[in-house]
Amino acid sequence: MSRPPAEPAPEHRRPRDDLRADCGSCFGLCCVALPFARSADFAVDKAAGTPCANLRTDFRCGIHARLRDKGFSGCTVFDCFGAGQKVSQVTFGGTDWRRAPESAGAMFEVFPVMRQLHELLFYVTEALGLAPARPVHEELRRARQHLDALTRGSAEAVVALDTNALRGEVNELLLRASELVRAQVPGRRRNHRGADLMGARLAGADLRGASLRGALLVAADLKRADLRTADLIGADLRDADLRGADLTGGIFLTQAQLNAARGDAATRLPTGLDRPAHW
């Protein structure tokens, strides 16, 4: 049976290059600055500021091609949104923490803050590619300029930022953009914002234009679900079954979310996102 249309579909574009991780221009910051705990996602415990045992001297991962097999699936779903190269090449001018160990502490402190700024830039940039959200584009452009300027500040200035306040301001704009896009979808739109849908049976569900912002969808059955133009910002899709699902035009969906889920060749993806290799 063919599905009814969800018109008009939002426009999407591939993120700016500086909002895509360039590991070759980074000093392995995610492998050092961030902590992780032994779990299904990580094979070992590691404290913040301690290099991962798999990090090579050239800042490359020694088991990159075998991360899932070695018990480090958490690494495969992490995305710094380009913060790593910004801290490495801009904030610290290309001088790495091994050659200048006195800068290590500050560099590792800046990285998680920069990652939040770049994530916000990513979402704002995507919102600017949504045609129905034109009424808020001017405010979004100003927000992007402001955020971009903040990312170019000194290490001390970046660390001192109130990221919670920034998130609140930007999220208001993103929510308005989302509502404008989803309002184009005919019929009743479901509101599952922040809902606990862990393991939910949603196979074949009509979720066109739904709000799934921050929803817990771990291991949810979303096979063949219609998620066109659904707002997926912050949704936890770990191990969610997306086989045959239609995510065309999914709003604020990230590559990391897809990497954490399960899908197949029949899963339809938004423009600009790649089908994970493990699907």
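Helices here are DSSP runs of H or I with at least four residues, and strands are runs of E with at least two. By that count the protein has seven helices and zero strands. The model is predicted. Its radius of gyration is 19 Å, in agreement with the value near 19 Å for a compact globule of 279 residues.

**Overall fold and dimensions**

- Read from the N terminus, the order of elements is α-α-α-α-α-α-α.
- Along the principal axes, the C-alpha atoms occupy a box of roughly 60 × 45 × 25 Å.
- Among contacts in the protein with a separation of 6 or more, 47% are between residues 24 or more positions apart.

**Surface, burial and charge**

- Buried residues make up 51% of the 279 in the protein.
- The protein has an accessible surface of about 13,200 Å², and carbon and sulfur atoms contribute 50% of that area.

**Ala155 in helix α5**

- Helix α5 covers residues 155–159 and includes Ala155.
- Ala155 has a relative accessible area of 13%, so this residue counts as buried, the cut-off being under 20%.
- Beyond its neighbours within four places in sequence, Ala155 is in contact with Thr91, Phe92 and Val110.
- Ile233 is 78 residues away from Ala155 along the chain, and the C-alpha atoms of the two are separated by 28 Å.

**Ser178 in helix α6**

- Ser178 belongs to helix α6, which spans residues 163–182.
- The relative accessibility of Ser178 is 0%, and the residue is therefore classed as buried.
- With neighbours within four places in sequence set aside, the contacts of Ser178 are Arg213, Asp231, Ile251 and Phe252.

**Salt bridges**

- The whole structure contains 19 salt bridges.
- One of the pairs is Arg56 with Asp58, whose side chains meet at 2.9 Å, N to O. Arg56 is partly exposed at 40% relative accessible area, and Asp58 is also partly exposed, at 39%.
- Arg99 and Asp96 form a salt bridge through their side chains, with an N to O distance of 2.9 Å. Arg99 is exposed, with a relative accessible area of 60%, whereas Asp96 is buried at 8% relative accessibility.
- Arg142 is paired with Glu138 in a salt bridge, and their closest N and O atoms are 3.7 Å apart. Both residues sit in helix α4 (residues 137–151), and because they are four residues apart, about one helical turn separates them. Arg142 is partly exposed, with a relative accessible area of 46%, and Glu138 is partly exposed at 43%.
- A network linked by salt bridges with shared partners consists of Asp206, Arg208, Asp226, Arg228, Asp246 and Arg268.

Key. Residues are numbered from 1 along each chain as its sequence is written. This is a predicted model: local features need pLDDT of at least 70, side-chain atom pairs count only at pLDDT 80 or more; totals for chains, interfaces and linings use all residues. Side-chain values use heavy atoms; hydrogens and water are left out. The radius of gyration is taken over C-alpha atoms; the globule rule is 2.2 Å times the number of residues to the power 0.38. Buried means under 20% relative accessible area, exposed over 50%, partly exposed in between (1.4 Å probe, protein chains only). Contact means heavy atoms within 4.5 Å. Accessible areas come from the Shrake-Rupley method with a 1.4 Å probe; for residues, only the protein chains shown count as cover. A salt bridge is a side-chain nitrogen of Lys or Arg within 4 Å of a carboxyl oxygen of Asp or Glu.
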